[in-house]
Amino acid sequence: MVFWKDITDLSLPLRFQIPRGYCEYGKSSQFNLVYLEVTDQNFTQWFRELENKLLEGKEPLDSRIKENILHVKYVDGFTQVFDESNNFILDYERNFVNCDLDCLLEIDKVYGPMKDTGTYGITCKIFQVRVLPRIEACLF
């Protein structure tokens, strides 16, 4: 799999690995969005530039990244989930709350303009994810 900084061909669909991110709140119940905090500033800058290249000439832009939080979609039947030992989990029922996530993303299309907002954007889905639960330390 291609790591994000090694991408040279911007033909869709794009599949690439991103740096490990932290998911504090889990996936949203309504849209299955995962808000992933990625602290690698080189990646966040690269992702902003990627969006601009893919959406060149289309404005306003509905970006998938705000500050250092990446908004990605978990898709039932598409997203493959693995545990910390790389075992495939067929029926993942947890919600990614307080977990580190290693993700392979897929950007498969550009959309817009949206009827209600007039914005353009990209679809950014989790193709594969390895879930690494954070262990809470006892404070006693």
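Begin by selecting Ile 107. Setting aside residues up to four places away in sequence, Ile 107 touches Leu 12, Pro 13, Leu 14, Phe 16, Phe 47, Leu 50, Leu 54, Ile 122, Thr 123 and Cys 124. The model on display is a predicted one.

Phe 96 lies in the loop between strand 7 and strand 8. Its relative accessible area is 1%, and Phe 96 therefore counts as buried. Although Phe 96 is not a glycine, its phi is positive, at about 70°.

**Val 34 in strand 3**

Select Val 34, which is found in strand 3. Is Val 34 buried or exposed? With a relative accessible area of 0%, Val 34 is buried. Apart from residues up to four places away in sequence, Val 34 touches Cys 23, Lys 27, Leu 70, His 71, Val 72, Tyr 74, Phe 96, Leu 101 and Ile 126. Now draw a distance from the C-alpha atom of Val 34 to that of Leu 61: these residues are 27 places apart along the chain, and the two atoms are separated by 20 Å.

**Glu 51 in helix 1**

Move to helix 1 and select Glu 51, which is found there. Glu 51 has a relative accessible area of 1% and is therefore buried, since the limit for that term is under 20%. What does the side chain of Glu 51 reach? The side chain of Glu 51 reaches the backbone nitrogen of Arg 64, at 2.7 Å. Beyond residues up to four places away in sequence, Glu 51 touches Leu 61, Asp 62, Ser 63, Arg 64, Ile 65 and Ile 122. For Ile 122, which is 71 residues from Glu 51 along the chain, the separation between the two C-alpha atoms is 7.4 Å.

**Asp 102 in strand 8**

Select Asp 102, found in strand 8. Asp 102 is a buried residue, with a relative accessible area of 13%. Which side chains make polar contacts with the side chain of Asp 102? One belongs to Arg 20, at 2.7 Å, and another belongs to Arg 130, at 2.5 Å. Show the surroundings as well: with neighbours within four places in sequence left aside, Asp 102 is in contact with Arg 20, Gln 128, Val 129, Arg 130 and Leu 132.

**Thr 123 in strand 9**

Proceed to Thr 123, whose place is in strand 9. Why does Thr 123 count as buried? Its relative accessibility is 19%, and Thr 123 counts as buried because the term applies under 20%. The side chain of Thr 123 is joined to that of Asp 108 by a polar contact of 2.2 Å. When neighbours within four places in sequence are left aside, Thr 123 is in contact with Glu 106, Ile 107, Asp 108, Lys 109 and Tyr 111.

**The largest pocket**

Thr 123 also belongs to the lining of the largest pocket. To display the lining, select Phe 31, Leu 33, Arg 64, His 71, Val 72, Lys 73, Tyr 111, Ile 122, Thr 123, Cys 124 and Lys 125. The volume of this pocket is about 250 Å³. Strand 5 and strand 9 are the elements that give two or more residues to the lining, and strand 9 provides the largest share, 4 residues. Colour the lining by residue type to find 6 nonpolar, 2 polar and 3 charged residues.

**Backbone details**

Finish with the backbone. Between Leu 12 and Pro 13 there is a cis peptide bond, with omega of about 0°; Pro 13 has its place in the segment before strand 1. A cis peptide bond also joins Gly 112 and Pro 113, where omega is about -5°, and Pro 113 sits in the loop between strand 8 and strand 9. Last, select Asn 86 in the loop between strand 6 (80–82) and strand 7 (88–89). Asn 86 is not a glycine, yet its phi is positive, at about 70°.

Key
Residues numbered from 1 in each chain as written. Predicted model: local features only at pLDDT ≥ 70, side-chain atom pairs only at ≥ 80, totals over all residues. Heavy atoms only, no water. Contact = heavy atoms within 4.5 Å. Buried < 20%, exposed > 50% of the residue type's maximum accessible area, 1.4 Å probe, protein only. Polar contact = N/O pair within 3.5 Å; in protein donor to acceptor, adjacent residues only side chain to side chain. 1 Å grid on protein atoms, 1.4 Å probe; cavity = no way out; pocket = protein on both sides within 12 Å on 5 of 7 lines; lining within 4 Å. Points joined across faces, edges and corners; volume = space filled by probe spheres on them. Nonpolar A, V, L, I, M, F, W, Y, C, P; charged D, E, K, R; others polar.
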